[in-house]
Amino acid sequence: MLTTPTINEEQIKQFKQDGFLLIKNAFSADDIKKIESWATELATMPEKSGAHWVFHETSQIDPDIELISRIEKISPFHNGFAELSDVLKQPMAKLFKEKAALFKEKINFKMPGGDGFKPHQDSQAGWQDYADYFISVMVCIDEATLENGCLQMVSGFQNSGLFREWEPLNDDDMKNMEFINYPTKPGDIVFFDCYTPHASEPNLTDSTRRLYFATYNKLSEGDHLEKYYADKFKSYPPDIDRVTGKEYVFRV
Ligand SMILES: O=C(O)CCC(=O)C(=O)O
C-alpha cells in the first residue's frame, strides 16, 4: 500500500496564499520506486481503442523521432494508479474542505526532445463546463530540473479568475506575473489551483522527465470523469482512435 500524503494547517494556508504548494518527499523512496515501475509498465501496455489514452509528439531535437508525450485516463486501466489517485483524495479533501472526486489524470512523459507547455491556467481548457473549481496535484516521478523542463509557477494569481478560454496567456496577461522554476525530486508533490498560471520548457536533455498529474473537483459538484473524457474524445481523441487526414489541434 502507498503512504497517504498528509497536509497540515500551515500548508493549507500557504496553498491559499500562493495558489500552489510544494511538499518535498511526500512519497517515500519505496513508494516512488513502485510508482516509477507502474509508469514504465504503462508505457509498454499495448495501445488499443477503449483503453488508456496515449498521445505522441515529434521530437524538438530530431523531427524523425516520434515520442510518447502523455498518457491519460489511467486509473480505470491500471490498479497501481487507481491506488495513487485514491490516496491523493485525502490531502485534496483537506484543501477542498470536503470529499474530492477524480476529474482527470495523466502522465506527461517529456522524453528527450519533448516539448514544453505555454503559460496557461488549467481552467482555460473548458473545465468550467463541468465544475466551478479544481485542484491538481503533480507527483514527481523523475527528477525535474531547469534543463529538462520542470514546472514554473506564478504565485498569487489564483483569485484573478479565468483570463480566457481555449487560449494560453498572452504578454499583456503576464505583464505583472513572475514565473518561478520549481525543480522537483522523485517523491515531491505540488498541489495547484486551476487558476494558477504555470508553464514549462522543452526537455533538451537526454533523459526522460515523467510527472504524474491528477485533477479533482469537490464531490458535491459531481463525478465528471466519464463525461469529460467522452466529450474530449470527440475533439481530441487518443492517437489510436484518430481518423487519417483529419486535423486535431491541441488547445491551451
Ligand atoms: O508537464 C509539464 O511540464 C507541465 C504540464 C502542464 O502545465 C499541464 O499539463 O497543464
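How many bridges join β6 to strand β9 (residues 189-193)? There are 5 bridges between β6 and β9, and the two strands run antiparallel.

## Basis of the model

This is a predicted model: local features need pLDDT of at least 70, side-chain atom pairs count only at pLDDT 80 or more, and totals for chains, interfaces and linings use all residues. Residues are numbered from 1 along each chain as its sequence is written, and side-chain values use heavy atoms, with hydrogens and water left out.

Helices (H or I, at least four residues) and strands (E, at least two) are DSSP runs, numbered from the N terminus. Two strands pair if DSSP finds at least two bridges between them.

Angles run from 0 to 180 degrees between N-to-C directions, and axes are lines fitted to C-alpha atoms, for helices over the stretch in contact.

Strand β3 (residues 66-72) and strand β4 (residues 100-108) pair in the antiparallel sense over 3 bridges. Here Ile71 has Ile107 in β4 as its bridge partner. Contact means heavy atoms within 4.5 Å.

## Strand β6

Strand β6 (residues 134-140) is mostly covered: 7 of its 7 residues are buried. Buried means under 20% relative accessible area, exposed over 50%, and partly exposed in between (1.4 Å probe, protein chains only). Both faces are covered. On one side sit Phe134, Ser136, Met138 and Cys140; on the other sit Ile135, Val137 and Val139.

Ser136 stands opposite Thr215 in β11. Toward β9, Met138 has Val190 as its bridge partner.

## The four-strand sheet

A further open sheet is formed by 4 strands in the order β5-β10-β7-β8, with antiparallel pairing. Its edge strands are β5 (117-120) and β8 (180-182); each pairs on one side only. Neighbouring strands are turned by 30° against each other on average, direction ignored.

Strand β7 (residues 151-153) and strand β10 (residues 198-200) run antiparallel and are joined by 2 bridges. Gln152 stands opposite Ala199 in β10.

## Nonpolar cores

The largest nonpolar core has 54 residues. Such a core is a set of buried Ala, Val, Leu, Ile, Met, Phe, Trp, Tyr and Cys residues joined through side-chain atoms within 4.5 Å. Phe81, Leu84, Phe191 and Tyr212 have the most contacts inside this core. Its largest share, 5 residues, comes from helix α2 (residues 29-44). Apart from it lies another core, of 11 residues, among them Phe20, Val190, Leu211 and Phe213.

What does Phe81 touch, not counting residues up to four places away in sequence? Its contacts are Ile35, Trp38, Ala39, Leu42, Ile74, Ser75, Glu105, Ile107 and Tyr212.

## Helices α3 and α4

The axes of helix α3 (residues 79-87) and helix α4 (residues 89-96) come within 5 Å and cross at roughly 25°. The two helices are therefore roughly parallel to each other. Angles under 35 degrees count as roughly parallel, over 145 as roughly antiparallel, 65 to 115 as roughly perpendicular and the rest as oblique.

Ser85, Asp86 and Val87 in α3 meet Lys89, Gln90 and Pro91 in α4. By class, this contact has 2 nonpolar, 2 polar and 2 charged residues. Ala, Val, Leu, Ile, Met, Phe, Trp, Tyr, Cys and Pro count as nonpolar; Asp, Glu, Lys and Arg count as charged; the others, Gly among them, count as polar.

Most residues other than glycine have a negative phi. Lys110, in the loop between β4 and β5, has a positive phi near 35°. Lys110 counts as buried, at 2% relative accessibility. Val252 lies in the segment after α5. Its phi is positive, about 80°. Val252 is buried, with a relative accessible area of 14%.

Arg251 is also placed in the segment after α5 (225-235). Arg251 is partly exposed, with a relative accessible area of 45%. The C-alpha atoms of Arg251 and Ala125 are separated by 7.1 Å, though the two residues are 126 residues apart along the chain.
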